[in-house]
Every structure is written in C-alpha cells, then in structure tokens.
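Hi everyone, thanks for making time this morning. I'd like to walk you through a structure that I've been looking at, so please have a look at the screen.

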Amino acid sequence: MWRARAAAVCVVCQSLANSSYGVKGKSPLQKLHLVSRSIHHPHYTSSKFQRPPLRTSIQQFSSLNRLPLRKTKLLSVKYGYLSHRNFWVARLASRLLKLRYLVLGSAVGGGYTAKKTYDQWKEMLPDLSDYKWIVPDFIWELDEHIDFEKLSKALPDAEDLAKLLPDFDKIGESLSSLKGFFSPGSQGETAFRATDQGYENDKQYKKGLLGELILLQQQIQQHEEEARRAAGQYNTGSSQQKRKVSDKEKIDQLQEELLHTQLKYQRILERLEKENKELRKLVLQKDDKGIHQRKLKKSLIDMYSEVLDILSDYDASYNTQDHLPRVVVVGDQSAGKTSVLEMIAQARIFPRGSGEMMTRSPVKVTLSEGPHHVALFKDSSREFDLTKEEDLAALRNEIEIRMRKSVKEGCTVSAETISLNVKGPGLQRMVLVDLPGVISTVTSGMAPDTKDTIFSISKAYMQNPNAIILCIQDGSVDAERSIVTDLVSQMDPHGKRTIFVLTKVDLAEKNVASPNRIQQIIEGKLFPMKALGYFAVVTGKGNSSESIESIKDYEEEFFQNSKLLKTCMLKAHQVTTRNLSLAVSDCFWKMVRESVEQQADAFKATRFNLETEWKNNYPRLRELDRNELFEKAKNEILDEVISLSQVTPKHWEEILQKTLWERVSTHVIENIYLPAAQTTNSGTFNTTVDIKLKQWTDKQLPNKAVEVAWETLQEEFSHFMTEKKGKEHDDIFDKLKQAVKEESIKRHKWNERAEDSLRVIQHNALEDRSISDKQQWDAAIHFMEDTLQSRLKDTESVIEDMVGPDWKKRWLYWVGRTKEQTIRNETKNELEKMIKCNEDHAAYLANDEVTTVRKNLEAKGVAVDPCLIKDTWHQVYRRHFLRTALSHCNLCRRGFYYYQRHFVDSELECNDVVLFWRIQRMLAITANTLRQQLTNTEVRRLEKNVKEVLEDFAEDSDKKVKLLTGKRVQLAEDLKKVREIQEKLEAFIEALHQEK
C-alpha cells in the first residue's frame, strides 16, 4: 500500500516538475524534510542525511544460539536538484502526505514491536503446565466470565505503546562497555564470583543472575562477531602479511574470552536449573502437607510407557506394527552405552563388568519427573531408593537376575524386554531402550548364534521408522573398528533420526595423535553414516564406584580445560551429557507428536477388523479374553469340587466296598478260602483261616484299602470334572480341567496315620465270628453265592479259551480248534475223568498222576508236556471246586439253626459261610471308615490343593497360554489388546494436547 501511494505521489511530483520548465530555482520538493523525501523517493541521494541503523535490545536466550544479531540496513537516501518553482499546492500536498505516513508508520511499527515484545516475554516464562492442580479450577474458567476482547480494546493505542519502547541509542552506548565490564579484575568479574558463591538475599540473587545472563548473552554475541571479523581480516590476502602474528594472537585471545564467557554462562544456567529442580521437588512434596488432596494424575511419560509395555506383549496378526517412538541405544560392546544411560538417569542402576557382556536382554527405561529419586519394575511394587547405595546394589542385582532368567538354556542373549521406571527431580522425560552391545566375534562360552541374535534384536528396534537411534561410539579406539556405525547407516541412511555420541573423549584426546580426527568425527566427516546431531561426552574415569556427581564434575572440568573447546574443534552445545539428554528429549517428544495420532488411527482400524470378525464367527458369545476365560473355568472347577463334598455317604460306602472287594477277592479265594477248604476238619479250617486273615491284615489289607479309597476319590473327582453339562458345556476348558485334575492329584498325599488306625479296625472286624440273626446269615449266603458264581464264570471262560470252541460253535460259526487247543482239550477230558473217579481229590496233582495222564494221552497219539498238564489241571480243579462250593452253599441256606447250636449233632458244617460273613463285615466297616476319612479330611485337602493349583496357574501366563488355546481365545485376546492400546493412546493424545 505504501509503494502504491508513493508511486502515485511520484507521478504528481513528476507532472509538476515537467510543467515548470523554463523557471529557475528549486523545486518545492527540495524544501521538504529529508525523511519525507526519502519516503517519496527512496532512490534519491542525500549528502546531508543518513538514517542510523536500527538497534533492538530484545533477544531470545538459548545455550544453542550463537549467531549475532542481524543489523537492519536502510537503503541510502539519494536526492538531486530540480529547477526551482514556487508552487504552494505541491508543498501542501507533500506536508499532508508526510503527516499521514508518519502516523501510519508509528502505529504499525509500535503495534508490531509491542506484539513481538509480548511474544518474547511469554516464551521466557517457565512451563507450569505440570502444576495446574495448584491453581483453583475457577481460575481456568475466567475466560467464560470475563470479556477479554473489551479489555484488549481498552489498552493504549499505538502511540502510547511506542512511548513504552526503550531508548535504542542509550542501549547502544551501554553495549560498548560490556567488554570492559567483564575483563579480568573488573567489577563485573568480582560480581560474577560473588554470584558463584551465592547471595544472602534471594531476591537480589535472582535479579543478579538474570541480569548477568542477559549481559553474558550479549557479550558472547559480541565476542563471536569480533572473532569472525578478525578471522575475515586475517584471511583477506597477501596485503596484510605484516600484521599476521598480531591478528592471530587477537583471534586466540577472543576465542579464549568467548570460551570463558560461555562456560560462565553454562554454570549460571546449571545453577538456575538446580534451583528450579529444588523448587519443583518442594511443590511435589506439598501433597503430604495437605495442600492438594486429590490424587496426582499419571504423568505423560508414564502413560506413554504403559502403551509401549502393552505393545511389547502384543503379537499383531493384522500387520499393525509398533511404530511408536522410543530412544534405541545401540553401540559396540563396552562402548559406554550403559554409562551414558546412567548419566541421563543420574544413577548407577545397571550391572557392570570389565570387558564382559552385561546387557543380555533389552532394558526399557522410562524416565519421568518426581519428588524422589526412585526406580521400580513394571511388575513389582517395590521402590528402590537411588540415593542409597544398598538399594542401588539390590537394583543392579535384580536386573542381572531378570536378565539371566530371560535367557533360555543354550542361548547367550534374549529378546525379552525388562521394563524399568526411573523417577527423580530434574530428569528429562523420555523412553530409552538399552540393547545388547554389538560384537564382531563369538567367544568361548557364548552360543554360536549370539552375534546374529544381537544383530536381529538391534534391527528389530531400529527398523521402526519413528525410533530415535542413539548411536554410541567409543572414542578411545580406532574408528575403523566400529561395527555399529555401518548397522545404523543401513537402518537410517539419511540420518533423519540418528544422534551420534562419542564417548571417552578424555582418553581420545590423550591417545589420538591428531585432534582433528575427533573434529572430523563430531562434524560427521569420518563415518559414512549421517546424523541429526553429534555429541562428545565423558562418563567417568573407568572406576565403577564413582558417583554421578563426581562424574559430572570430572566431565565439566575436562571440557573446561580441553583444547578441543579452546581451539573451537568442539562447540559448547555439543559437549556434556546434560546437553545430550536435552537434545534427545526434544527429538523424542517431537517424534511423538508427529507420529502418535497416525498410530492411533492404525489401531482403530485394526479394532474394527477384529470386532467384525468376532461378530461373524461367534455372534452369540461374549468376548472373553484368556484371563476372563480362566476365571470362568476356575469358578466351574471350584463348583465341581464343592459338589464332590455333597456326595451321599451311602454312595461313598457302596462304591468303596465294591471296589475294595474287586481288589482283594482274588487273594481271599486263592490264598485263604481254597487252601483252608482242602481239609475236612472244621477246627483245622478255622485255624487256617485265622492265620491267613491275620497275615493278610498285618501286611496287605490296610494298604490296599487306602489305595482303593484314593483311587475312588480320583475317579469321583474326574467324573465331576469331565462331566458334560448339556448345552452349557464349553469344551475350551477341557484341557485346563484335565491339567488341574492331574496336578491336584499329584500334590495330594493321603494321611500316613490312616493305615495304622485302619489296621486295628480291620483286625477286630475279622476276629468276630458271631452272626446275630438270620438276616445276616442270608446276606452272607448271598454274598458267598455271588462271589463263587462270578469266579466260576471267569474260570469257564478261561477253560473255553484254552480248549477252543465246542462242537455247537464249530458247526454254527464254522470255526475250528488250533493244534494247541486240541491238545489241551484232550488233556482236559483226561483230567475230568480223574476227578470223576475221586471227587475229593486234592488241589495239586502228584507226579505219578501227571505221568499217568501223559501216558494215557500218548496212547491216543497226543504228545503232552507235563507243565501243560499241571496248568490245565489248575483250571479244571478250580471249576470243580467252585461248583462243589456252590452246591454246599445251597445246602447251608437253612443252616443258621445248626450254626446257633455250633453244628452239634449235625453232619452239615457251614464254616465257609462264616468266613464270607467275616469278610463281608470287614468290607462294610472298612468302607464306613474310609468314607468318614474322605468326607472329613481328604475331600477338603483335595479342595485346598485345587485352589492352590488354580492360583499357581493364574500367576503363570505361559501355562494359561498353553492350556487355553484356539482361534476364539486368540481373537478375543487380540481384540482386548487392541482396545486397550487404542484407549490408552487416545488418553495419551488428549493429555498431550492439554500439555501444549
């Protein structure tokens, strides 16, 4: 607009000048003020007027800003002479234009200057977003009740604001005295030393520090400008060879002064930060004194760390990769990665070793600000106080134990991540991942694939396009021996997310013959890799017992006296771990803000796909993840155990008595009844039975009874566990229930004292021979008859298998006998003839009888082995004995009357019925005793074992993954993870916007 109006005026002036030809004298424009002429005709030359350069006192202060202020130069005003002509209209127009432009320029310039002053003042204010909770809520709602637009309209106009600007001429004069003010021995130097020692008055202390910061910043800029000007004059050509030595000395002197001023400036900033750290610590500790009763919200970095923890456990099946930013720390083995992390975390938290691989798995360290310097693992509630050496040692030991546990057998390193949170005052908020050091050779004691495993782990973290790579290079060794730089250049060839750190610079300065080599590394000219920034740090003297404070002092002292800074090979903002942590934190949060919303959208799309798949495949089922399914199965199992305690006593006793008799019936028939029945004498029978029962009770019977009870309990428990409950049955729990059953039974141990008490009870039961009534007699007869019939049936089945099918089956089913079966059939027929001749034959064949049978068969043309004859006789005689016992049992049905008279004057003797009654009574008493022990003790113990097993399985995530499997479980698990990630990301993004 200015140019348009000036052009219009120029046209008017030109027309006036052209219309006044032939008239002598000066043009009316020449009588205007020089400023007015410069506005009208900026191309005019002026020998009387030259506008001074614009100066400003407003400057942003930053430790990374070393550029001088740019001076605004106005074009030189040129003017000439035209023919003079008195024309009052032109003079009047020019004066009106002059007045308008002056008012307009003052208003615009004053408004712009006031706005710039306000913006810079606003940027210098500290970030108090973390302490919003201190201010009452109604303060943040003032904009709803107060009209700030009316207040802004009520502010002074541009002319009044212009009066508030400082006098630039006076400021220019004060700048010239800065160099002398800070020269050695001056008042400024004395004041600066007094500032280092500390003032007694806090207000004067803060005012003096801020004033000195401003003056130091201006002095640094002036020194840099003079150094560049002197360097330019030093290299201007051969015409200044005479002053070469003096100019070089002047350059060196200016560089030393510049370095000295920068170090002072750095110390003042560190002191202010330390004071700020203490103030923030006091504010955070006010919660204990009741200033704010609300629970502190999770910090921004803690929310972000939780998202990363969930992502580390999430196995994406929809190509949703983890592209959230984190700082990945990579480097060669023993390059100082761990030391750099400890300096950033301000605590010696990692295990250390000289030349030995200590980092065996990735360690994710989340740094956040807090009132106390503590560390804790994500899966533990214990806090390690990092100010105490005992807790530090315990923390290092715990990290080492977790690393060794994560490494599988036969491996050296592990990809399992250990998550650690470190909080403390003044810590930079970020998430770092310390990776195992890259090695070039696999040494003895390492797994053969250790090198490849480390490379794959490092690439997996670095291939994340949003990960910040912190490349650590050992400065004390030759750069050509570095392996990690090639790996980093492959992952980030353009260096858009890489920060290079050169460690052990103190050793490098001593050992490297050419210091320019260090400069080439820091400038990025020696390695093929590219980086966002290059830093040089010192992490101690190599002593593991050094404290963080001593390392900081040593690092500051080294760089203060280092030739690398004095000769400007390194810049002040490129050294110390403090500047490194600030730069890394800035890059980290910049990357987070740029990428987190994109990741949230990706997980939102993944969630939609998973929900759609679930609705199509399982429309009537709830989306239960693995933990929820385990809780449901746990409740079902506990209900089934409770159902076990509700089994009726009758059912327990019936099943126990039946199972116990099945287990001991063979022993009773073969070893007790059959040997005793070989005699015809009643007294001998009873004596034999008593001896046999006593031996059986002392050695075998109690143990057998306990085994039967334990097996019965297992069978009933298994029955309840595996019983299908109609439509409500979910076969997804079958594998888990089977594992719980087996583990519970394995842990269960029967009471050892049960056998002793049971032995006494059984012995007393078997000694009783008194049958009190006819009902008990009939029960014994029935029990004996069932037992003998069952045994006879089994014996006939065995004989049939031995001799083959009879003539009916051979004709009906067209089957025949084998040669062995034919021989056994002939042997059986011969033995049956022998029994018919002597029905009271003993249970065993004599040798002469075996020979007789063999010769009779040989006469028929059948060759028989004596062992085959004895084996066949055993089954034939058993059948004969059981048939005889059954017929005798029928005779004894009416023998209760003779029993009561002790079989006096009677040929009938029913001692075998009394034996079976004694056995039956013993079985009933034993079943009752075992039932009481089951219901009162063992079922409760089993229930306790089941609960313990379920609790152990609940804590073992691998066990749950193994036992609860299937597409349905995996789909629900993925859906839960994606929902949780999306919700936490959205909460984090909301908090991130609020922090802005």
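This is a predicted model: local features need pLDDT of at least 70, side-chain atom pairs count only at pLDDT 80 or more; totals for chains, interfaces and linings use all residues.

The protein has 996 residues, and 42% of them count as buried. If you count secondary structure elements, you get 37 helices and nine strands. How much surface does the protein expose? About 56,700 Å², with carbon and sulfur atoms supplying 51% of that. And here is a number on how the chain meets itself: take the contacts between residues at least 6 apart in sequence, and 80% of them join residues at least 24 apart.

Now to the helix pairs. Let's start with α24, residues 649-676, and α35, residues 911-955. Their axes lie 8 Å apart, and the two helices pack at an angle of about 140°. Are they parallel or oblique to each other? At that angle, α24 and α35 come out as oblique, because the antiparallel label is kept for angles over 145 degrees. The crossing of this pair is right-handed. Sorted by class, the contact of α24 with α35 has 16 nonpolar residues, along with five polar and three charged ones.

The second pair is α25, residues 682-699, with α28, residues 753-767. Here the axes come within 9 Å and cross at roughly 165°, and that makes the two helices roughly antiparallel. This crossing, too, is right-handed. Which residues do the touching? From α25 we have L693, K694, T697 and D698, and they meet R759, Q762, H763 and L766 of α28. By class, that contact has two nonpolar, three polar and three charged residues.

K504 sits in the loop between β8 (498-503) and α18 (505-511). Its phi is near 55°, which is a positive value in a residue other than glycine.

You'll find W814 in the loop between α30 (807-813) and α31 (819-837). This tryptophan counts as exposed, because its relative accessibility is 77%, and the cut-off for exposed is over 50%.

That's my tour, and I'm happy to go back to any part of it.

Terms used:
Residues are numbered from 1 along each chain as its sequence is written. Side-chain values use heavy atoms; hydrogens and water are left out. Axes are lines fitted to C-alpha atoms, for helices over the stretch in contact, and angles run from 0 to 180 degrees between N-to-C directions. Helices (H or I, at least four residues) and strands (E, at least two) are DSSP runs, numbered from the N terminus. Angles under 35 degrees count as roughly parallel, over 145 as roughly antiparallel, 65 to 115 as roughly perpendicular and the rest as oblique. A crossing is left-handed if the near helix is turned anticlockwise from the far one by less than a right angle, and right-handed if clockwise. Contact means heavy atoms within 4.5 Å. Ala, Val, Leu, Ile, Met, Phe, Trp, Tyr, Cys and Pro count as nonpolar, Asp, Glu, Lys and Arg as charged, and the others, Gly among them, as polar. Buried means under 20% relative accessible area, exposed over 50%, partly exposed in between (1.4 Å probe, protein chains only). Accessible areas come from the Shrake-Rupley method with a 1.4 Å probe; for residues, only the protein chains shown count as cover.
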